[in-house]
Amino acid sequence: MIAVTGGTHDEFREYVVSRGAALLRAARQVTGDPNDAEDLLQTALAKTYLAWERIEDRAALDGYVRRAMVNINISWWRRRRLEEYPSGELPEPVAQHAHRHLPEQVERALDGLPARMRAAIVLRYYEDMTEQEVANALGVSVGTVKSTVSRGMAKLRGALAVPDRRLEPQA
């Protein structure tokens with residue numbers, strides 16, 4: 001753990017205390033796992049601390065930390081071996097009874113997406129980033145973001161049994 005005392009260290013400590021919970025939620029959405037999210041946020045904050053003196057725009061700190069989290073998570077993806085293997089059988093679909101558990105169902109559906117697809121959806125809709133910002137954060141083209149998000153949303157609709165309805169003009 002990094003000891004933070006005095007001067008700019010107090011400023012960093014105050015930032016972590018005030019924004020830590022929100023950043024942890026973002027890390028959870030990016031990783032899909034609470035333990036990985038804590039590790040990801042801690043690593044991103046350590047990198048932020050090391051760069052603290054070079055960060056001139058304090059209003060952009062959340063963006064800096066989120067960008068660090070995405071970059072670190074991408075590095076982790078690349079290092080991981082394939083730990084899950086495809087099965088020849090599909091599991092029985094789980095019946096969705098009521099909308100009262102929708103947030104948990106969405107979390108589970110997000111957890112079922114591939115890591116990059118989940119990251120694109122989280123950045124686009126949870127973090128409210130533009131397609132260009134998501135493309136920059138993930139290091140891909142805007143077209144890749146559009147197609148990845150589109151496929152991901154289709155998978156989420158299927159997992160949540162939400163019909164693909166287009167808005168019709170009202171007469």
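**Before you start.** This is a predicted model, in which local features need pLDDT of at least 70, side-chain atom pairs count only at pLDDT 80 or more, and totals for chains, interfaces and linings use all residues. Residues are numbered from 1 along each chain as its sequence is written, and side-chain values use heavy atoms, with hydrogens and water left out.

**Exercise 1. Salt bridges**

Solution. 

Step 1. Start with the rule. A salt bridge is a side-chain nitrogen of Lys or Arg within 4 Å of a carboxyl oxygen of Asp or Glu. Side chains of opposite charge can pair when their charged atoms come close.

Step 2. Helices are DSSP runs (H or I, at least four residues), numbered from the N terminus. An α-helix has 3.6 residues a turn, so residues three or four places apart point the same way.

Step 3. Check exposure. Buried means under 20% relative accessible area, exposed over 50%, and partly exposed in between (1.4 Å probe, protein chains only). Arg13 has 37%, so Arg13 is partly exposed. Asp10 has 26%, so Asp10 is partly exposed.

Step 4. Take Arg58. Arg58 lies in the loop between helix H2 (34-50) and helix H3 (61-79), while Glu11 lies in helix H1, so the pair ties together parts that are 47 residues apart in sequence. Arg58 is partly exposed because its relative accessible area is 28%. For Glu11 the value is 32%, so Glu11 is partly exposed.

Step 5. Take Arg28. Arg28, Glu107 and Asp111 are linked in a network of salt bridges.

**Exercise 2. The largest nonpolar core**

Task: Say which residues touch the most other members of the largest nonpolar core, and which elements build this core.

Solution. 

Step 1. Define the set. A nonpolar core is a set of buried Ala, Val, Leu, Ile, Met, Phe, Trp, Tyr and Cys residues joined through side-chain atoms within 4.5 Å. In soluble globular proteins, nonpolar side chains tend to be buried together.

Step 2. Read off the members. The largest core has 21 residues, and Tyr15, Leu40, Leu41, Leu45, Val65 and Met69 touch the most other members. H1, H2 and H3 are the elements that give two or more residues to this core.

Step 3. Look past it. A second, separate core has 13 residues, including Ala120, Ala135, Leu138 and Val149.

Step 4. Zoom in on Val65. Not counting residues up to four places away in sequence, Val65 touches Tyr15, Leu23, Leu41, Ala44, Leu45 and Thr48 (contact means heavy atoms within 4.5 Å).

**Exercise 3. Helix H3**

Task: Compare the span of H3 with the expected one, then list its buried residues.

Solution. 

Step 1. The expected span is 1.5 Å times one less than the number of residues. H3 has 19 residues and reaches 27 Å from its first C-alpha to its last, close to the 27 Å expected.

Step 2. Its buried residues are Leu61, Asp62, Val65, Ala68, Met69, Val70, Ile72, Asn73, Ile74, Trp76 and Trp77.

**Exercise 4. Lining residues**

Task: Name the residues that line the largest cavity.

Solution. 

Step 1. On a 1 Å grid over the protein atoms alone, a cavity is a set of points where a 1.4 Å probe fits but cannot get out, and lining residues have an atom within 4 Å of a point.

Step 2. The lining is Ala26, Val30, Arg66, Met69, Val70, Val122, Leu123 and Glu127. H3 gives the most, with 3 residues.

Technical notes:
1 Å grid on protein atoms, 1.4 Å probe; cavity = no way out; pocket = protein on both sides within 12 Å on 5 of 7 lines; lining within 4 Å.
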